[in-house]
Amino acid sequence: MLLTTSFLLLVVHLTSQKSPNIAFDLSHLVVGEYPWDIDGPCQVYVERLSVAIGKIVQCAANFTIPPKVCTNCIEEYMDYKYVEYDTKHVTNVTSLDNTTCSDVIYRNYLLSYVNELSQSVDSRIWDISRCGDCLTPIWDYENNTKNYDYSLKVIDFKNKLELWRDCISNYSEYGSMLEQNSSAICYNCNALFTDLYKFYWNIYVTPNVQFCVDVETTMNDTARLWNHVWNCSTAQKREKEYVPVTITAGLLVLFTVFFYLSSYIQGGGEARRFVQYSRLTDPRPARQHLLSTTASDANLSSRASRSSSSTHPSTNPLSPLARVHNQRD
């Protein structure tokens, strides 16, 4: 019991002692105090670039649903590109071994985290969103101005979209579009939606012409609202189904009227009298003997000659009646 108690006290004493700090935390030291930090003069440029990368990544993450980086994160992207440009051209500041900070950050080591992150921002966020198909940044690396131009197709799409949204807002009640009379929205805003969708579809099917992800996402969400929230596609489908059915029924009625009218005119204007054929007698006598299908022309002719001789016995010189007649003569 005594040994067990002593062992527990020893464990408590050892665990209560603080472990030595072995982390390489050099933030509290300046270059002159810690000469082993050979790249100390370049650290400020790395921190500046990391902040710019963090802002564009945060903006892209915020606009994930729906993905709209191009139109919402253009200023963060241009800030990041300006800082990246400055970092790649730091040639007047060197490390302790007289290596330029640009070489230290991008080429001096086997792996550069900021370089990997920069490539990811360009290829996996900006380029994959096809932002160049919607807007064009106007770069000014000397003054770091943030100007950009939208393409004409994006401007036209935006104008048509705003017209459709204004129409929806005009037929909204109590500030909520989800509780509206969908029939009124579908009827009054159908032309604007059709015009918007046709414009988008013509661009979409044109070879080598496309929209950025922002526009595609906006159109898809607009169609979802139109079709699944207000059910306008179902109402339009029903109206389209009623039209051919009505036309077909009308044509059938007209054809029937014309048919009977033409029959009445051709009959001299008199109503036809129908006769029941079951009350009429057959004008031909019923056959009592049916010829066999195996009877030939020769058999038929021989039978016909015999029947003619039997009806006129005096013409046959070999018959007994003919002999008696001759004897009397």
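Predicted model: local features only at pLDDT ≥ 70, side-chain atom pairs only at ≥ 80, totals over all residues.

Student: Start with Cys-42. Which residue is Cys-42 joined to?
Tutor: Cys-101, with an S to S distance of 2.1 Å. The link is left-handed, at -80° about the S-S bond. This pair links distant parts of the chain, 59 residues apart. Cys-42 sits in the loop between α1 (2–16) and α2 (43–62), while Cys-101 is in helix α5 (residues 101–106).

Student: Are Cys-42 and Cys-101 buried or exposed?
Tutor: Both are buried.

Student: Next, Cys-59. What is the S to S distance to Cys-73?
Tutor: It is 1.9 Å for Cys-59 to Cys-73. The angle about that S-S bond is -90°, left-handed. Cys-59 lies in helix α2 and Cys-73 in the loop between α3 (69–72) and α4 (74–88), so the bond ties together parts 14 residues apart in sequence.

Student: Why does Cys-59 count as buried?
Tutor: Because its relative accessibility is 7%, and buried means under 20%. Cys-73 counts as buried too, at 0%.

Student: Switching to Cys-134. Where is Cys-134, and where is Cys-212?
Tutor: Cys-134 is in the loop between α6 (113–127) and β1 (135–138). Cys-212 is in the loop between α9 (190–204) and α10 (213–229). They are 78 residues apart. Their disulfide has S to S 1.9 Å and is left-handed at -95°.

Student: Buried or exposed, those two?
Tutor: Cys-134 is buried, and Cys-212 is as well.

Key
Residues numbered from 1 in each chain as written. Heavy atoms only, no water. Disulfide = S-S within 2.5 Å. Helix = DSSP H or I, 4+ residues; strand = E, 2+ residues; numbered from the N terminus. Buried < 20%, exposed > 50% of the residue type's maximum accessible area, 1.4 Å probe, protein only.
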